[in-house]
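Hi everyone, thanks for making time for this one.

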Amino acid sequence: MDAASLRRLSQSYNQKRALSEEFWIAFFNDVEGSLGVGNRCLDLGCGSGRILLPLAERFPDVRFLGIDVSVDMLSQVRVAMASAAGPGNIDLAQVDANVS
């Protein structure tokens, strides 16, 4: 996907891909025992942070690394992190993780 297409996708990504409360309950139940103090977690293709941010808020003693190819998506994560309630346990990197 080219940069212009990624930019267009990033502008409406969260609205088009909303996650239900049922998803979050099941998701947190699945990962609860795996993430503890001192653990590190990689979100490969973190996009706008719609999963990364809630995870980082729920598990403040875990260090998260979100990577994505899209600078625009990572910008959305940075904006959310800069808010008053944004978690401080996230590092971000712009990386193309495609393997050919």
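Starting at the N terminus, the elements of the protein follow the order α-α-β-α-β-α-β. That gives 4 helices and 3 strands, where helices (H or I, at least four residues) and strands (E, at least two) are DSSP runs, numbered from the N terminus. Before going further, some housekeeping: this is a predicted model, so local features need pLDDT of at least 70 and side-chain atom pairs count only at pLDDT 80 or more, while totals for chains, interfaces and linings use all residues. Residues are numbered from 1 along each chain as its sequence is written, and side-chain values use heavy atoms, with hydrogens and water left out.

Let's look at the sheet. The 3 strands form an open sheet in the order β1-β2-β3, with parallel pairing; two strands pair if DSSP finds at least two bridges between them. At the edges sit β1 (40-44) and β3 (90-94), each pairing on one side only. From one strand to the next, the twist averages 20°. For angles here, axes are lines fitted to C-alpha atoms, for helices over the stretch in contact, and the values run from 0 to 180 degrees between N-to-C directions.

Now strand by strand. β1 and β2 (residues 63-68) run parallel and are joined by 5 bridges.

What about the inside? Of the 100 residues of the protein, 31% count as buried; buried means under 20% relative accessible area, exposed over 50%, and partly exposed in between, with a 1.4 Å probe and protein chains only. The largest nonpolar core has 17 residues. By that I mean a set of buried Ala, Val, Leu, Ile, Met, Phe, Trp, Tyr and Cys residues joined through side-chain atoms within 4.5 Å. Leu55, Phe59 and Phe64 have the most contacts inside this core, and α2, α3, α4 and β3 each supply at least two of its residues.

Which helix holds Leu55? Leu55 is found in helix α3 (residues 52-58), and because its relative accessibility is 8%, Leu55 counts as buried. Leaving aside neighbours within four places in sequence, Leu55 is in contact (heavy atoms within 4.5 Å) with Phe27, Phe28, Val31, Leu35 and Phe64. Leu55 and Pro87 are 32 residues apart in sequence, and their C-alpha atoms are 9.4 Å apart.

Phe64 has a list too: not counting residues up to four places away in sequence, Phe64 touches several residues, among them Leu35, Cys41, Leu52, Phe59 and Ile90. For the protein overall, among contacts between residues at least 6 apart in sequence, 70% join residues at least 24 apart.

Last topic: charges. How many salt bridges does a search of the whole structure find? The search finds 2, a salt bridge being a side-chain nitrogen of Lys or Arg within 4 Å of a carboxyl oxygen of Asp or Glu.

One of them joins Glu32 and Arg58, the closest N and O atoms being 3.0 Å apart. Glu32 lies in the loop between α2 (21-31) and β1, and Arg58 in helix α3, so this pair ties together parts that are 26 residues apart in sequence. Glu32 is partly exposed at 37% relative accessible area, and Arg58 is partly exposed at 41%.

Then there is Asp91 with Arg63, where the closest N and O atoms are 2.9 Å apart. This pair links distant parts of the chain, with Asp91 in strand β3 and Arg63 in strand β2, 28 residues apart. Asp91 is partly exposed at 33%, and Arg63 is partly exposed at 28%.

That's my tour, so over to you for questions!
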